[in-house]
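Reader: I would like to learn how to read strands, helices and rings in a model. Where do we start?

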Amino acid sequence: MSVQLGIVPVITRPGVGVVLVSRWRVGTPERQRTAVDTIARSWRSREWPAAGLLSYSVFTGNDGTTLLHYSQWRDREVHREYSRTSRDERVAEVDAAVPGIERFGLTAYELYRSAAPAEGRAGVPGCVITVEVEFEGPDAARARHWADTVVEAQATDPIMRSSDPALPPGGLSAHFHVAADGTRVLNYAEWESEAAHIAALEAPGNGIGSPTEQWQRVFDHPGVRSSTVSRHTPAISLTA
């Protein structure tokens, strides 16, 4: 199987049983570019490792120091086999080009729910925002309830409620993933640009997250330990 290059992954792709997300700290924009170029070259010069790997995408952090990795798999067993047979040679090639990468683990998620316009309405994502929420211990029902609470707050937010689905100006999609162990939620949101996201946050009425009763339930949701918002630029998205 050859490797096809895209812009961003199809988050709602059928057949995905698990999504694996990880972060690398590479240090500088120059090292970001070298790492991305090496990853693309490494993958495109080899056969696709497994039919059960549905996509592999990399995003450069807009902080200039990090990379976000997002991959879609049929199931964890396919990933275990990939790790056993194919991962090391790809990682070695990247490490030779960009030594000293800090890697921050791997989290397994399942896509829980999405808000995205009908086919043909969405623009091309220029920025991907991730909101990572960590909870105090495993509880998948609580994590899903937090995601549902956010969706309800968006639907009643003054700058979103006129849109169907409820997305702010410049927002293209929002996809809520719940960690397999119930300890985290990842909101992967596609935007037209970083500027559009900043403008939405700074819109009149305090922007996204205005002090409504629904947003207050998000802010006061029980069990939330931390929440981290990061901006990324799509770099590569590979499929068989």
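Author: Start with pairing: two strands pair if DSSP finds at least two bridges between them. Helices (H or I, at least four residues) and strands (E, at least two) are DSSP runs, numbered from the N terminus. This is a predicted model, where local features need pLDDT of at least 70, side-chain atom pairs count only at pLDDT 80 or more, and totals for chains, interfaces and linings use all residues. Residues are numbered from 1 along each chain as its sequence is written, and side-chain values use heavy atoms, with hydrogens and water left out.

Reader: How many bridges join strand 7 to strand 9?

Author: Eight, and the two strands run antiparallel. V128 has E190 as its bridge partner in strand 9. Strand 7 also pairs with strand 10 (residues 224-239), again antiparallel, over eight bridges. There, I129 has R231 as its bridge partner.

Reader: How do I read burial in a strand?

Author: Buried means under 20% relative accessible area, exposed over 50%, partly exposed in between (1.4 Å probe, protein chains only). In a regular strand the side chains alternate between the two faces of the sheet. Now take strand 4, residues 66-73. Eight of its eight residues are buried, so strand 4 is largely enclosed by the rest of the structure. T66, L68, Y70 and Q72 are buried on one side; L67, H69, S71 and W73 are buried on the other.

Reader: Which strands pair with strand 4?

Author: Strand 2 (residues 18-25) pairs with strand 4 in the antiparallel sense, over eight bridges. L20 has S71 as its partner. Strand 3 (residues 53-61) is also antiparallel to strand 4, with seven bridges. S57 has Y70 as its partner. Four residues lie between strands 3 and 4 in their hairpin, where G64 takes a positive phi near 80°.

Reader: And a helix?

Author: An α-helix has 3.6 residues a turn, so residues three or four places apart point the same way. In helix 2 (residues 76-85), the buried residues are V78, H79 and Y82. They span an arc of only 95° around the axis, which puts them on the same side of helix 2. The arc is that of the directions from the helix axis to the C-beta atoms. These buried residues pack against strand 2, helix 1 (29-44), strand 3, strand 4 and helix 3. Contact here means heavy atoms within 4.5 Å.

Reader: How do I describe aromatic rings?

Author: A pair of aromatic rings is described by the distance of the centres and the angle of the planes. Rings of Phe, Tyr and Trp (its six-membered ring) pair if their centres lie within 6.5 Å; planes under 30 degrees apart count as stacked, over 60 as edge-to-face and the rest as tilted. The count comes to seven aromatic pairs. F59 and Y188 are edge-to-face, at 5.9 Å centre to centre and 70° between the planes. The pair links distant parts of the chain: F59 is in strand 3 and Y188 in strand 9, 129 residues apart. F59 is buried at 0% relative accessible area; Y188 is buried at 0% too. W73 and Y82 are tilted, at 5.5 Å and 45°.
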